[in-house]
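Please look at the structure before reading on.

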Amino acid sequence: MTFFLQVVINAISIGSLYALAALGIGLLFGVMRLINFAHASYITIGAYTIIVPSTAALATLYIGNWHWALMTAAVCAIVIVLAVCTEFIVFRPLRHADPATLLVGSFALSFSLYYLLLLIHGGRPKAVDIGRGLIEHIAIGGLTIPRIDVVTIGITVTLLVALGLFLKKTRYGIEMRAASEDFRMARLLGVRANRVISIAFAISGLLAAAVSLLYLSRVGVLFPRMGIPLVIIAFVATVIGGMGSLFGAALGGFFVGAVSVVLQTILPLGLRAHRDAIVYILVIAILLWRPEGLIQVRAVKERV
Amino acid sequence: MLAVSDLEVRYGRMAAVRGIKLDVGAGEIVCMVGPNGAGKSTTMLTIAGELTPHAGTIRFEDKPLTGTSVENVVRRGISLVPEGRRIFGRLTVEENLRLATFIRKNAREAASDLERIMEQFPILQERRHAPAGRLSGGEQQILAIARTLLTKPKLMLVDEPALGLAPMMVQLVHEILTELRSEGMTLLVVEQSLERALALADRIYVLRDGQVQLTGPTDELRDGEQIEAAYFGFQMQGAAP
């Protein structure tokens, strides 16, 4: 029983990370029909901000040495600024382009940022020592769980609730939801396109920063492609969750995370190496069963 | 109040509107009527700022409107009820209405206007927290009109309000529009049906092939054969006996 609960907590924790990444992608897809591959760059660069830029093999912490609250605020601020700038420089000129062009734009941005990072930091993985306290295990009842799992779940729940309240209760939240349904109509009612899109990018940046810090605390190593596997899983999560539904994106993230962890636990040792293949077979099965994803965004049908 | 002159709008090489001149005075209901493809909706969308004219000018309250972005046209006091209503189906009825109040400077006044609208249209009050997509077509049309009213427009553009509605709802929507006019609202309405336009408007513009074929006060046009000729595009005197 104890073992089972520990697996569950681990599954929710990994799922949380994927859910946060998926939300960042789902949000921009909803508002702009943009599949932002550069989200991986936001996550990677967010993690790299804590060290002093250099190509040296050993990392020197700078922001990473600050008090954790200050460090978190700084990383979030940097990634938010980065996300908003990329919108301004790359996606704003492509505003009226079709989704395929936007996707290519996001690839181009992603590669540019990747090579910029290589130029500044070099390509070697760098160990960093942050959040050491988070790796420790804590005992709750008979359970021994890593503190990072508790923190990840707590932060994810907080961000999910905050995002939900923002979208439901605030002016910009309502504008964003309206824009993701019918952008042109929203503009006819006075919704400012530039502002809504900038805010969406800022939130996407904030979510990416959260993923950066949580993921880095977990793995303890910086490497230039660190965001990519997370974002690929996040894409899968948004697709099986149902493109266009934020709730679906989060759910998809939890689902993929949970399935990976459970498979890791129950598969015989010899098969564990093939875990991801099995995860993706399940994903294909789900899409065959529900091609629209778990949460289907109903088109508003005309009723007479 | 609104003065459109020599308006030309093109989609690529095709001219949808070819030199339209149109005026709307304060407190009038003016109808644009004409068959499909006459350029009615294009004219409407151009006034609303959705389309950029190729030539010609649009003036509103004696100031130029041409080149104003969509987001700012509504702030100038021109608000569109679009064809097909285009309510936000996943937002609740209340959120649809609140969205329209965000451009208002006086938030308190906007909030009390919202409550007044709810009283005025009890069906919206009843379904206040339901997703707007669940409303019937007629209810959605009422929501679309109410939403436009909450932007506090001086001029309302209404594109084919009767499209796809049951006859009883058409009647109701027309009553609402007429009542708005009697409260001092100015309306420019697109209608495809000549009969409905004659019943609603003070003045009529008959459009065909992107041009104004005929215009005049409804009372003068109602009994003449001229208007049908303009609408259908044939010469009465040339018609076979």
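In chain A, helix 3 (residues 68–91) and helix 9 (residues 193–219) pack with their axes 7 Å apart and at an angle of about 140°. This is a predicted model, in which local features need pLDDT of at least 70, side-chain atom pairs count only at pLDDT 80 or more, and totals for chains, interfaces and linings use all residues. Residues are numbered from 1 along each chain as its sequence is written, and chains are lettered from A and ligands numbered from 1 in the order in which they are written. Helices (H or I, at least four residues) and strands (E, at least two) are DSSP runs, numbered from the N terminus. Axes are lines fitted to C-alpha atoms, for helices over the stretch in contact, and angles between N-to-C directions run from 0 to 180 degrees.

**Helix pair in chain A**

- The angle makes helix 3 of chain A oblique to helix 9 of chain A, since angles under 35 degrees count as roughly parallel, over 145 as roughly antiparallel, 65 to 115 as roughly perpendicular and the rest as oblique.
- Residues of helix 3 of chain A, including A:Thr72, A:Val75 and A:Glu87, meet residues of helix 9 of chain A, among them A:Ile197, A:Phe201 and A:Leu213.
- By class, this contact of helix 3 with helix 9 of chain A has 14 nonpolar, five polar and one charged residues (Ala, Val, Leu, Ile, Met, Phe, Trp, Tyr, Cys and Pro count as nonpolar, Asp, Glu, Lys and Arg as charged, and the others, Gly among them, as polar).

**Interface of chains A and B**

- In chain A, 19 residues are in contact with 26 residues of chain B (contact: C-beta atoms, placed from the backbone, within 7 Å).
- Helix 7 of chain A gives the most to the side of chain A that touches chain B, with six residues.
- That side of chain A divides into eight nonpolar, one polar and ten charged residues.

**Sheet in chain B**

- Chain B has an open sheet of four strands in the order 2-1-4-5, with antiparallel pairing (strands pair if DSSP finds at least two bridges between them).
- Strand 2 (14–24) and strand 5 (63–64) of chain B are the edge strands, each pairing on one side only.
- Eight bridges join strand 1 (residues 2–11) of chain B to strand 2 of chain B.

**B:Ile47**

- B:Ile47 lies in helix 1 (residues 40–48) of chain B.
- B:Ile47 counts as buried because it has 25 C-beta neighbours inside 10 Å (buried: 20 or more other C-beta atoms within 10 Å; exposed: 12 or fewer; partly exposed: in between).
- Leaving aside neighbours within four places in sequence, B:Ile47 is in contact with B:Val4, B:Ile58, B:Ile78 and B:Leu157.

Methods: Two residues are in contact if their C-beta atoms, placed from the backbone, lie within 7 Å.
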